[in-house]
Amino acid sequence: MKIAIINGPNLNLLGKRETDIYGNMPFGKYLESLKAKYPNVEFHYFQSNVEGELIDEIQRVGFEYDGIILNPAGYTHTSVAIGDAIAAIKAPVVEVHISNVHAREEFRKLSHVSGKSAGSIFGLGLTGYELALTYLLSR
Ligand code: DQA
């Protein structure tokens, strides 16, 4: 099973960034724990702060991987093009947000990604990535 995890802008700063909202764990460390727990899964990780690079990666893995766990971060709320990329590919996408986007500013309630995804998880911290993985493995 090949699973891609794609993180959008500023998620390279996890562990340092607004730790009251996003926690203290760097994503690399969390990913190591996931890899150890799911040794049969072939993980591919990609992070970018650039919208077009995220779209290129979604297109690249979208016909090759069994599923994508996607946290488009701030682009969730602005990017029609990332929503279109998800609609264009074959692999199922699970949208993940670490924070509860519905309990924050109004603009975070809009997602261009939710309607194109198999499902969405928000507000459960980094555990959301594992829950998304569990779903993709169960398909
Ligand atoms: C986020 C929520 C977004 O609103 C925000 O722009 C992020 C992170 C989350 O994981 O909670 O950068 O996607």
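Guide: Here is a quick chat about the ligand site and a few residues.

Guide: This is a predicted model, where local features need pLDDT of at least 70, side-chain atom pairs count only at pLDDT 80 or more, and totals for chains, interfaces and linings use all residues. Residues are numbered from 1 along each chain as its sequence is written, and side-chain values use heavy atoms, with hydrogens and water left out.

Visitor: Which residues surround the ligand?
Guide: Arg 17, Tyr 22, Asn 71, Ala 73, Gly 74, His 77, His 97, Ile 98, Ser 99, Val 101 and Arg 108, each with a heavy atom within 4 Å of it.

Visitor: And what is the shell by class?
Guide: Four nonpolar, five polar and two charged residues. Here Ala, Val, Leu, Ile, Met, Phe, Trp, Tyr, Cys and Pro count as nonpolar, Asp, Glu, Lys and Arg as charged, and the others, Gly among them, as polar.

Visitor: Which side chain has an N or O atom 2.7 Å from a ligand oxygen?
Guide: That's His 77. The side chain of Arg 17 has an N or O atom 2.9 Å from a ligand oxygen, and a backbone N or O atom of Ile 98 lies 2.7 Å from one. Taken alone, the ligand exposes 330 Å², and the protein buries 97% of that (Shrake-Rupley areas, 1.4 Å probe).

Visitor: Switching to Tyr 22: buried or exposed?
Guide: Buried, at 10% relative accessible area. Buried means under 20%, exposed over 50%, and partly exposed in between, with a 1.4 Å probe and protein chains only.

Visitor: What does Tyr 22 touch?
Guide: Leaving out residues up to four places away in sequence, Tyr 22 touches Leu 14, Arg 17, Ile 98, Ser 99 and Arg 104 (contact is heavy atoms within 4.5 Å). The side chains of Tyr 22 and Arg 104 are joined by a polar contact of 2.9 Å. A polar contact is a pair of N or O atoms within 3.5 Å; within protein, one must be able to donate a hydrogen and the other to accept it, and residues adjacent in sequence count only if both atoms are side-chain atoms.

Visitor: OK, aromatics. How many pairs?
Guide: Four aromatic pairs. In one, the rings of Phe 27 and Tyr 45 have centres 4.9 Å apart and planes at 25°, so the pair is stacked. Rings of Phe, Tyr and Trp (its six-membered ring) pair if their centres lie within 6.5 Å; planes under 30 degrees apart are stacked, over 60 edge-to-face, the rest tilted.

Visitor: Which residues form the aromatic cluster?
Guide: Phe 27, Tyr 30, Tyr 45 and Tyr 129. Phe 27 is buried at 4%, while Tyr 45 is partly exposed at 31%.
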